[in-house]
Amino acid sequence: MRVLSGIQPTGRFHWGNYFGAIRQYIQLQHEDEAFYFIANLHALTTIRDPQQLSQLTLDAALDLLALGLDPDAATLFVQSDIPQISELTWILMTGTPLGLLERCHAFKEKKSKGISADAGLFTYPVLMAADILGYDSNCVPVGQDQVQHIEVARDIARSFNHHYGDCFVQPEARILDESAKVPGTDGEKMSKSYDNIIPVFEEEKALQKQIMRISTDSRAMEDAKQPETDHLYQLFCLFGKSAQQQEMAAIYRRGGFGYGDIKKQLAQAAEGYFGPARERREKLTLDPDFVQDILAAGAAKARLKAAEVLDRVQHATGLVR
Ligand code: ADP
Ligand code: TRP
């Protein structure tokens, strides 16, 4: 069984990305054959600065490796290194009804706001379908926001198979654990669009500063507080073991503490958790060839699989004479 997922290099990874997605990808790499890629072609729909895009792509690779993505267990590559996927996208596009894409939320949202969308954004789900179908993927772990796109890939596969005979494997979405929804410094969902993120790879001092930004209510120190509804407590729980969580919950219910102390404890816990990954990342940056070699080896393996699927499709459609 092949697990596949892509992650866009549109910003530095934050705690939400890690606990909501990356950590789960890393866990899955030991269960099944895993293909993970950095979706730089998708990122082109939002990032038009060439230096920024290539830097963010490399950063994403470094981040994933430092966080525990094991290139011996999973295949890590950059989306655009597999040209077969772009050809497959065109072939799939010829059989994709416009209505299917018009219903997709990224495009619909832009249109409803009166923002003009380009063909890249409109056809984004077809590239995503090619990413998935092009490697005979069985299982696609994604957040809830991407489930619609997996449905599109399934629709495209179904109608292609119906017309040309069985060519594609029918992929299944595996929805990432929603309870892992991470709040940002303002208590809303952590997202790079809301200026409320805490980046995974932050220097210790900068990390403390970001943590001090976390909003808190203005209740007096003596008051007892409900831990479950407090986003500072929720952030603490990302790191603490269950005994530490219970201890913290008891402190909340007792009252008589300052939020500053809790923030200090959170900073310590986060540093203990991500500090070793930051050190690994620093080592990796000293050897850029090592990372490039991993991406090249990953791309070679992915290309082999994509070439096999594309060949099947070229024969099925009559493109091969
Ligand atoms: P952002 O919201 O910052 O733009 P992305 O949409 O690029 O983040 O996120 C990539 C993946 O990371 C998502 O599909 C989702 O699974 C996960 N993710 C992002 N933010 C959070 C969050 N606050 N809590 C849990 N998971 C998240
Ligand atoms: N669109 C996905 C996102 O924004 C990234 C992605 C691109 C992807 N191609 C994919 C995810 C294929 C899963 C499978 O998060």
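Predicted model: local features only at pLDDT ≥ 70, side-chain atom pairs only at ≥ 80, totals over all residues.
1. **Who surrounds ligand 1.** The shell around ligand 1 holds 15 residues. His-14, Val-182, Met-190, Ser-191 and Lys-192 are the closest of them. By class, 5 of the shell residues are nonpolar, 6 are polar and 4 are charged.

2. **Polar contacts of ligand 1.** Look at Lys-192 again. An N or O atom in the Lys-192 side chain sits 2.6 Å from an oxygen atom of ligand 1. Asn-17 also uses its side chain: a polar atom there is 3.1 Å from a ligand 1 oxygen. Gly-16 contributes through its backbone, with an N or O atom 3.2 Å from a nitrogen atom of the ligand. On its own, ligand 1 has 540 Å² of accessible area, and the protein covers 83% of this.

3. **Who surrounds ligand 2.** Here the shell has 14 residues. The closest are Gln-8, His-42, Tyr-124, Asp-131 and Gln-146.

4. **Which elements build the ligand 2 shell.** Three elements each give at least two residues: strand 1 (2-7), helix 7 (119-133) and strand 4 (139-142). Helix 7 supplies the largest share, 4 residues.

5. **Polar contacts of ligand 2.** Tyr-124 places a polar side-chain atom 2.7 Å from a ligand nitrogen. For Asp-131, a side-chain N or O atom is 2.8 Å from a nitrogen of ligand 2. For Gln-146, the corresponding distance to a ligand 2 nitrogen is 3.1 Å. The protein buries 90% of the 370 Å² that ligand 2 exposes when taken alone.

6. **How helices 11 and 12 are oriented.** Helix 11 spans residues 242-254 and helix 12 spans residues 259-285. Their axes come within 12 Å and cross at roughly 170°. Angles over 145 degrees count as roughly antiparallel, so helix 11 and helix 12 are roughly antiparallel to each other.

7. From helix 11 come Met-248, Ile-251 and Tyr-252. From helix 12 come Tyr-259, Ile-262 and Gln-265. The residues of this contact divide into 5 nonpolar, 1 polar and no charged.

Definitions and conventions: Residues numbered from 1 in each chain as written. Chains lettered and ligands numbered in written order. Heavy atoms only, no water. Near = heavy atom within 4 Å. Polar contact = N/O pair within 3.5 Å; in protein donor to acceptor, adjacent residues only side chain to side chain. Areas by Shrake-Rupley, 256 points an atom, 1.4 Å probe, with all protein chains shown as cover. Nonpolar A, V, L, I, M, F, W, Y, C, P; charged D, E, K, R; others polar. Axes fitted to C-alpha atoms, helices over the stretch in contact; angles between N-to-C directions. Parallel < 35°, antiparallel > 145°, perpendicular 65-115°, else oblique. Contact = heavy atoms within 4.5 Å.
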